[in-house]
Amino acid sequence: MKVTSAYANKMLKKLNEEKEFWITKERESMVYTAAIDEDPVIPDYDYNEVTGKIRQIDEKIYKIKHAINLSNLNSEVDIMGKKYSIDTLLVHMAQINKRKSVLDRMRKQLPKSRVPDSGWGSRKTIVEYRYVNYDLDQVSKDFDELSQLLFEMQMKLDEHNQNVLFDLEIE
């Protein structure tokens with residue numbers, strides 16, 4: 001069948017929920033406790049059935065993930081005049097997000113801030129200040145540029161995930 005990445009990921013979510021159901025059923029039913037002087041209440045549990053269900057679900061999951069990976073490897077999007085395969089785009093977006101996080105902390109620094117005393121019993125008599133050692137305006141500009149680039153990338157990725165079809169073969 002032909003599916004989009006968005007649809008395939010929804011299938012994965014449903015399969016993972018179903019797998020969690022069977023794992024929970026197994027965890028709660030594989031053993032039981034009974035007192036010596038009582039009739040045990042034995043939970044309904046069939047090892048072969050549960051193992052088979054989990055195996056079937058896992059097979060569907062790896063087939064879907066493989067199909068998504070192939071699509072991500074073979075599909076391209078254009079971001080501001082530069083071509084990216086989807087798999088490369090995802091890696092690059094993660095890198096940019098990490099850098100953006102650093103720049104966000106940097107842009108929030110005050111140009112000059114007082115260093116607090118080191119705590120109880122501190123005998124420091126001289127006030128110390130911490131100064132930024134970079135251009136705050138440049139950091140803010142770079143942060144804004146990365147934010148815009150990430151926005152463009154995410155919009156293209158969303159469009160791709162909603163519209164590009166690929167083959168998916170699961171039984």
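Predicted model: local features only at pLDDT ≥ 70, side-chain atom pairs only at ≥ 80, totals over all residues.
View 1. Because D58 lies in helix α2 (residues 47-74) while K19 lies in helix α1 (residues 5-29), the pair ties together parts that are 39 residues apart in sequence. Both residues count as partly exposed, D58 with a relative accessibility of 28% and K19 with one of 21%.

View 2. K2 counts as exposed at 52% relative accessibility, whereas D167, with a relative accessible area of 49%, is partly exposed; the two fall into separate classes because the limit for an exposed residue is over 50%.

View 3. The side chains of K63 and E59 meet in a salt bridge, with a distance of 3.1 Å from N to O. These two residues are four apart in helix α2, which means that about one helical turn separates K63 from E59. An α-helix has 3.6 residues a turn, so residues three or four places apart point the same way. E59 itself counts as partly exposed, at 32% relative accessibility. A search of the whole structure finds eight salt bridges.

**View 4. Helix α1 and its buried residues.** With 25 residues at 1.5 Å a residue, α1 should span 36 Å, and this agrees with its end C-alpha atoms, which are 36 Å apart. The buried residues of this helix are S5, A6, A8, M11, L12, L15, W22, E26 and S29. Together, the buried residues of α1 pack against β1, α2, α4 (136-163) and β6.

**View 5. The hairpin of strands β2 and β3.** Strand β2 (residues 76-79) and strand β3 (residues 82-85) run antiparallel and are joined by four bridges; within this pairing, I79 stands opposite K82 in β3. The two strands form a hairpin with two residues between them, and M80, in the turn, has a positive phi of about 50 degrees. Strand β2 has a covered face, made up of V77 and I79, and an uncovered face, made up of E76 and D78.

View 6. R114 is found in strand β4 (residues 112-114) and counts as exposed, at 54% relative accessibility. When its neighbours within four places in sequence are left aside, R114 is in contact with V127, E128 and Y129. R114 and E152 are 38 residues apart in sequence, and their C-alpha atoms are 39 Å apart in space.

Technical notes: Residues numbered from 1 in each chain as written. Heavy atoms only, no water. Salt bridge = Lys/Arg side-chain N within 4 Å of Asp/Glu carboxyl O. Buried < 20%, exposed > 50% of the residue type's maximum accessible area, 1.4 Å probe, protein only. Expected span 1.5 Å × (residues − 1). Contact = heavy atoms within 4.5 Å. Pairing = 2+ DSSP bridges.
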